[in-house]
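Look at the structure, then read on.

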Amino acid sequence: NYSLNLPCDCPATMATDEAGKASERITFFLKYTDSVKKVKKLVNGMEDLYTAMNEKFPDVKFKKAEITFHTKDKKYGVEIAIDGVDELYDGAIVEIRKKGGGNSNSLKRQLEEMKSKLEHLENTNKRQRIVPVAGGAPPPVPAPNRVPSSPPIQQATSEHMEEPLAVRMRGLPWGYKKEDIINFFPGLRMEAILAILDKYGRVSGECYVVFTDEKDVEAAKAKHKEKIGERYIEVYRVVNPHELAMARRSTRNLLGGGETEVVLRLRGLPWQCTEKMVEEFFDPLKLGGVHLTHDRSGKFKGECLVRFLTAADCNEGLKKHKQSIGHRYIEIYRSSLGEWDQQTGAISGGPGGGITFVARMRGLPFTAGETDVREFFSGHRILRVHFPTDSNGRPSGECFVEVATSDELG
């Protein structure tokens, strides 16, 4: 008979759990709030987890019934609650949570993220807001290695100006009349109906309506989404005073009294047409200017803008529609001072009562402000910067920059 003598001492890292299986000493990490502790321990049951917690976090006073342990599944990476030690593995991060209290660490992290976003929004608004100060607006910050721009003329921003007593209407039927607008707002007192014109001088599907008091404006806003005929009409409050000021120069007042309705557009002119020929065509009416339009190559387009000295002469000039210059029948449509300004680059009645010049910028970031534009034109004397908005009061991505001389536009 042979006998085999084996050592009876077992490795210190081995043990037998309740199921009779050998358990090994594993290394894992206990996490509570922001603190993480490394644990290297033989874990045979959930009681060993509670023991490890008490050893590493002696200040935690929660009872066993109030505590749950959580980790990520080793195979799938999904967060799970630990129901037995077989869900533990070497390198696991075990998070201690209080029942009913949620993930305090996660909530804290979410609150910190929300606070950070709010601070970012506040800082962004501060950079974009232009706040007038005593003695004038704050000068723009000079760009590095550039000539500092001259201090801007003090101008109240729309944020500090009263909202105009006006609304903007959209979705109007083609060829609408002033009676349609008056009937749409029964009983409301209107100062002007400013129709937006298309390139042929015809009313488009939008207009501005100016009222005499705030109550009428609020009543007009209540008509949003009501119908004219079969069309739903959108009605928005005009919040930017500059938008209405520009609209008065580029629209037609259907209620009359149109001191700004002094511009006509002529089409179908002969190629050899001159300003003198246009003046003779409208004789004896008094003209304030004739602007022949050309394309980018300098070629005459057969069109021109004519500015009259009075609205009465402008109305008389419109009657010459389909009359001829030479052998060409001339089409005549209403235009606006806004189009005259855009084509000629001049605005009457600028600061000091003289002539100013305007440049139009497109493709601006929606977050761009007046300071950004002035810095862009650093070294040039900028009189005013105007940002038009859409019907919802949001930036349109464009702006108009007013300067004193044509040399600044070069």
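**Confidence, cores and a sheet**

Q: Over which residues does pLDDT stay under 50, with ten contacts beyond four places in sequence?
A: This is a predicted model; local features need pLDDT of at least 70, side-chain atom pairs count only at pLDDT 80 or more, and totals for chains, interfaces and linings use all residues. Residues are numbered from 1 along each chain as its sequence is written, and side-chain values use heavy atoms, with hydrogens and water left out. pLDDT is the predictor's confidence in each residue, from 0 to 100, and a contact means heavy atoms within 4.5 Å. The stretch with ten such contacts is residues 130-136.

Q: How many contacts beyond near neighbours in sequence does the stretch 142-159 have in the model?
A: Here too the pLDDT is below 50. Where pLDDT is low, the predicted coordinates should not be read in detail. For residues 142-159 the model has 32 contacts.

Q: What is the mean pLDDT of the protein?
A: Of its residues, 74% reach 70 or more. The mean is 77.

Q: Which residues have the most contacts inside the largest nonpolar core?
A: A nonpolar core is a set of buried Ala, Val, Leu, Ile, Met, Phe, Trp, Tyr and Cys residues joined through side-chain atoms within 4.5 Å. Buried means under 20% relative accessible area, with a 1.4 Å probe and protein chains only. The largest core has 22 residues. Those with the most contacts inside it are M169, I181, F185, V209 and F211.

Q: Which elements give two or more residues to this core?
A: Helices (H or I, at least four residues) and strands (E, at least two) are DSSP runs, numbered from the N terminus. The contributors are strand 7 (166-170), helix 3 (178-184), strand 8 (190-197), strand 9 (203-211) and helix 4 (214-221).

Q: How many residues are in the second, separate core?
A: Among its members are L49, I82, Y89 and V94. This core has 20 residues.

Q: Which residue of strand 16 stands opposite L266?
A: Five bridges join strand 14 (residues 263-267) to strand 16 (residues 300-308). The two run antiparallel. Opposite L266 stands C304.

Methods:
Buried means under 20% relative accessible area, exposed over 50%, partly exposed in between (1.4 Å probe, protein chains only). Two strands pair if DSSP finds at least two bridges between them.
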